[in-house]
Amino acid sequence: MRRFLARVLDIRPGEGALVIRSTAVLFGLICAHTVLETARDALFLQKISASRLPFVYALLAGLALFVARFNTAFVARFGRRNALIFTLLGAAYGTVVLYRLPPSAAVIFALYTWSALLGTILVAQFWMLAGQAFTVAQGKRLFGPITAGGVLGAVVGAGSAVAALQVMPVTKLLLGSTAAFLVTAVVLTTLESDAGETTGVVTTVDDQVPGFFRELRARPYLGRLVVLVGLSTGAVLVADYLFKSVVAKSMPAADLGAFFAVAYAVMNTIALVVQLFLSQYLVRRLGVIAAFGILPSFLLLGGAATLLTNGAIWATLLIKGADGSLRHSLHRIATELLWMPLPEDVRTRVKTFVDTVLVRGVQAVTAALLLVLAMVGADGPVPLAVLILVLASSWVFLTIQLRRPYLDLFRTALQRPTATGAGLLRLDLESVEVVVEALSSRDPARALAAIELLVHSKRTRLIPALILYHEAESVLLRALEVIGTKERKEWVPLAQRLLQHPSDAVRVAAVRSLARVGDGADLEGRLYDVSPGVRGHAAFWVAERAGGAPHEHPAVQIVLGMGGNAGRTAQLSLLEAMSGNGHPGWSDVLLELCQRDDPQLLEAGAKAVQRCGDQRFLPLMIERLKVRQGRSAVREAIVGMGEVALDALEVALDDPATDRMVRRHLPRTISRFQSQRAADILMRTLERENEGHVRYKALRGLGRLVESSPVRVDHRRVELQVKTNLIEHLRILSLLVALRPALSKAPPAAQPSGELLIGLLEDKRVQALDRAFRLLQVVHRREDVRSTSVAVSSSDKRLRAQALEYLDALTLYANVSEIRDLFRVVADELPDQERVSRSREFLPKIPADLDEALTMLLKDRDHAVVGITAHFVMDYGPEELRLDVSTISRDGVRLPSLESLIREFEARGLSSVA
Amino acid sequence: MSLETALSLRVEHELFIRSFFEVRPPDRMVQQLSASLRDYYAPAGTVLYERGQPSERLYFVISGEVQLEAPDSEPWVLKDLSLLGALDAGQGRPYSRTARAVSDVAALTMAFREYVDLMEDHFDFTKSSMESNARNLHDRCLELAPDGVFAPATPSDATPPNPEPLELLAKLRVLRQSDLCQRAPVQALVSLAIHGEGELWEPGQVLLERGAPNPYLRLVAHGRLEATRDQPVVQAAFGPGSLLLGCSALGYAEAQYRVVAATPSLTVRVLKEDFYDVMEDHFPLAGSAFSYFGRENERTRTLLAEQARGRARFNPG
């Protein structure tokens, strides 16, 4: 029973006491208020009339300003808990005072005002206390049961009122209310005090008003929330007025007390049922935003019904019934949850103001409107129904608009600075001075940094040609590359000077830069330079100038014929020149050099292949993918060859005979094509590939692809992969939960293999979750899912709760609905044992003990897992499993990971079990 | 702060970041670092962090001098363009020394966790940095020639190694117990072990000749291997658990050495390409490699400090 309750109510270890006490407090104060409310409504309508209600609301609005100022300072001074205790005691005292006064119109007016103020303040103070005590994730789970306490309080209060009115007059209800306030105050003392902890946001209303508007401007979400609170306040007030005016006209005054008692009792009973069985389910299933939209939807329905039936009492009962049964249950939870994502200091500052001043202000305005309608005789059911329709439809519309700003809050809270970076640097005069000063630094690192910064900011014209006087070779090389363009002229004489530089690399760079801009600069003379590197470059340009087939030019022939280190240097230099300025005419030279089986030439050749785009190089380039050095250039070269290259890559990927060291790099190469076809190939690979590391590369490639190009991906197919990985994560966790206790009891001989096994499973578990998040990123390409995955593993409880809520919202409309539930199980703050228990519906089998876990592991598709498990079994496991080890094979072939073990096995003369 | 000042500050940050790393960082990484790094100013005498505190933050020193102090140990003095905290954070331990500003210090600081994320996002840069670090570390170790360049060899037992081909679990154990892979995730080691190969060496057999290219990393499983080089003269031995030729192997500088088996020995070799490919998919393997550098760095600093003390004693003038 306890487990059932724990699952239904989802109260975790350590939360029970707090939840029970919070529930009891809310029960008490709502019970007390309901009794008070019953008495006040009956007395007001008996002695005064419904048409006077607007005056009450107007008075309340004025009083709210004063009360809000007092409340904020009060809470800051004493803490949230103590403030609520004092308010309850004050409520009891004030109610007794009003009871003792003769029930004149003025006293009843004061009673109505008093109870309405109490209702606002007490509830606001309670939820401020709860908002501090629970995280967003806890709120989603626990506000349901807590609010149920409040609803139960309303039911009990209303029921008690009904029973009491059988034997006593209405005014006696005030004493019952007083008693309930006092008892609640006592219960509240069992909660921990937060006095002294309230963050230093001690503001008065004078400060709150400008602060409030500042916050609204700074936070669009807050603005929308405030408008929604205003709309809902207005709508329920009009609904309340409509209900009371229709009832007052339909019923004798003497029966009103009993009627209201019964009506509230019924409404609160429905509210309790909603609270206990529907609220949590609806919030979880539909999400917070949709749950918030249920009440206005019913009001819309009721308003339409009232309009169509010209104010039939059943229609107004529908409206009031929806309000009465949902406002303090489902709607209350949803509203509080909508406040939770805001930072605590903002909540503290703004919520009190909203709950007191703003709500009362809206009530006053609405009341004034009702008064005007009453004065002109337009306060009948039909005009009021129209008003409700307008307010409720606005409410629904704005609720729908709230989803994006709601998610934005979590995005902002979860986002890491590294996720976006600081953006492109835009230089102003002051910062340009800093950079130019750095350019003239003698420290080559600083000068180079300045050059790179200007290159990145696309401000290379700020690099003066005088940089070519720098002492450092590295600076000269980079500067020549960057400023040696046709658009500038001033650098040419300084570069010509560098043709005599003692460094070969600088002379090569000078030749390259000058030749590129058409400066003849004694190129023929450079053919006889002492440096083979210079000669190689010069040969390129001389042949290029001469025209004709480069392969037949004497200078190129000489370079191709050179041997030894000098020859390689010259040939590398020739390739370098080709990579910067080559074209298809150089293909033959390039092919000859690449076929010389020299890794350095091949690497330099890859860059040149990009310029040539000759498909004869495709097999060579694909083969070259196995070498990391220069792989990026190789990939660019392959992509440059177009669809033919993509065909070849697809064939290579599908061919199991492809060299494994090439195969593993094919997916990322395919992703570089940035095309729909590439995305389709990668998706297929993800679904069908046997090798785990190739699948992972396909996933990473797909991730890069969707990030940088508008390719379409079938979300359902991706989400199925998410589901698979999440289930795998939980499956491994279930095995670990069974294994971990065994390791602590294992004999020393079994420790090494046991630790290896657990280490391997832990890594696989983490990887499965990582893959699930990467796949989710593919589906939600504009979201920063990576930050969420980091937050889920954070030790910060609030950050984890925000991540969970964000994931929940993100997966609300998933094509594969299970992934939302799976993420909830995976990411929620739970002990592993409980997490495994909640995975039951997703896992075909959960090992009950060590033996079952080992049996399952011996059948794993990863033969490394099987091998390590087998060793652990031999060292520690049960006899029956030891005998089974020798029978393990894949397709009749014994696993290599078990060879030595099986030899040992056979040496012992142990036979296998069939 | 005015917009102009903020912009100038950002320019200074970017200039510093671009000049800090020996390997040119990609532009995107510079932007991301720029967004994460926060200014930090410590007047002389300030303690940046205490020994024993969790090593959660890194400090990139722009200017100034910082002393790293530990009981019974020579203080280390670090100046401009130094990185504080990486040694400890990389090894997953609390700060092992107290960092105190000797002069006014201007620095940039960020969370270690964010730095690791960035390195993972820019793997090619990380790999190049790793090679550069390894080369520089090896060059510094050469100051300890002839016999302090590498860590002392662990003795091996006298029994000859099993001549049978190594199976997966045995290779896995060798990798797990090695200096280089102590902190590596098991899955990464499994991936390496699957493609790694065992090699048996007879006494006198040459593993590496000077100048010969070497595409492998070798981890010693059993026996004793001896390495020599000239200029400076180095004599070193490698036993079970060691990475043959240490940092020089990762820095592509091992061509300067000749390695011979002194006893019947067993090594597990892994292609460097495989090592880095696996590292790209299992980034904590990089953390294990950096942790190895950290330990080597500490060993080297300690020995160099002792050497300097010894010289000072010998030549007090």
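Mentor: Start with what a contact is: two residues are in contact if their C-beta atoms, placed from the backbone, lie within 7 Å. Keep in mind that this is a predicted model.

Trainee: By that cut-off, how many residues of chain B are in contact with chain A?

Mentor: Count each side separately. Chain A brings 43 residues to the contact.

Trainee: Which helix gives the largest share of the side of chain B that touches chain A?

Mentor: Several helices supply at least two residues each, among them H2 (27-36), H4 (112-121) and H9 (272-281) of chain B. Helix H1 (3-20) of chain B is also on that list. With ten residues, the largest share comes from H1(B).

Trainee: Is chain A compact or spread out for its length?

Mentor: Its secondary structure comes to 46 helices and two strands. For 914 residues the globule rule gives 29 Å, but the radius of gyration of chain A is 39 Å, well over that value. Along the principal axes, the C-alpha atoms fill a box of roughly 120 × 85 × 55 Å.

Trainee: What percentage of the residues in chain B are buried?

Mentor: Buried here takes 20 or more other C-beta atoms within 10 Å. In chain A, 49% of the 914 residues count as buried. For the 317 residues of chain B, the figure is 46%.

Trainee: Now helix packing. Are H2(A) and H7(A) roughly parallel or roughly antiparallel?

Mentor: The axes of H2 (residues 16-47) and H7 (residues 173-188) of chain A come within 8 Å. They cross at roughly 165 degrees. Angles over 145 degrees count as roughly antiparallel. H2(A) and H7(A) are therefore roughly antiparallel.

Trainee: Which class of residue has 15 members in that contact?

Mentor: Residues from H2(A) include A:Ala24, A:Val25 and A:Leu29, and those from H7(A) include A:Ala180, A:Phe181 and A:Val183. Five residues of the contact are polar and one is charged. The class with 15 is nonpolar.

Trainee: How are H9(A) and H13(A) set relative to each other?

Mentor: H9 (residues 220-250) and H13 (residues 313-326) of chain A have axes 9 Å apart and an angle of about 140 degrees. The crossing is left-handed. Among the residues that meet are A:Phe243 in H9(A) and A:Ile319 in H13(A). By the angle, H9(A) and H13(A) are therefore oblique.

Trainee: Last one. Is A:Glu834 buried, partly exposed or exposed?

Mentor: A:Glu834 lies in helix H42 (residues 832-838) of chain A. From A:Arg12 it is 822 residues away in sequence and 9.7 Å away in space, C-alpha to C-alpha. Inside 10 Å it has 16 C-beta neighbours, so A:Glu834 counts as partly exposed.

Note on methods. Residues are numbered from 1 along each chain as its sequence is written. Chains are lettered from A and ligands numbered from 1 in the order in which they are written. This is a predicted model: local features need pLDDT of at least 70, side-chain atom pairs count only at pLDDT 80 or more; totals for chains, interfaces and linings use all residues. Axes are lines fitted to C-alpha atoms, for helices over the stretch in contact, and angles run from 0 to 180 degrees between N-to-C directions. Helices (H or I, at least four residues) and strands (E, at least two) are DSSP runs, numbered from the N terminus. Angles under 35 degrees count as roughly parallel, over 145 as roughly antiparallel, 65 to 115 as roughly perpendicular and the rest as oblique. A crossing is left-handed if the near helix is turned anticlockwise from the far one by less than a right angle, and right-handed if clockwise. A residue is buried if 20 or more other C-beta atoms lie within 10 Å of its own, exposed if 12 or fewer, and partly exposed in between; C-beta atoms are placed from the backbone. The radius of gyration is taken over C-alpha atoms; the globule rule is 2.2 Å times the number of residues to the power 0.38. Ala, Val, Leu, Ile, Met, Phe, Trp, Tyr, Cys and Pro count as nonpolar, Asp, Glu, Lys and Arg as charged, and the others, Gly among them, as polar.
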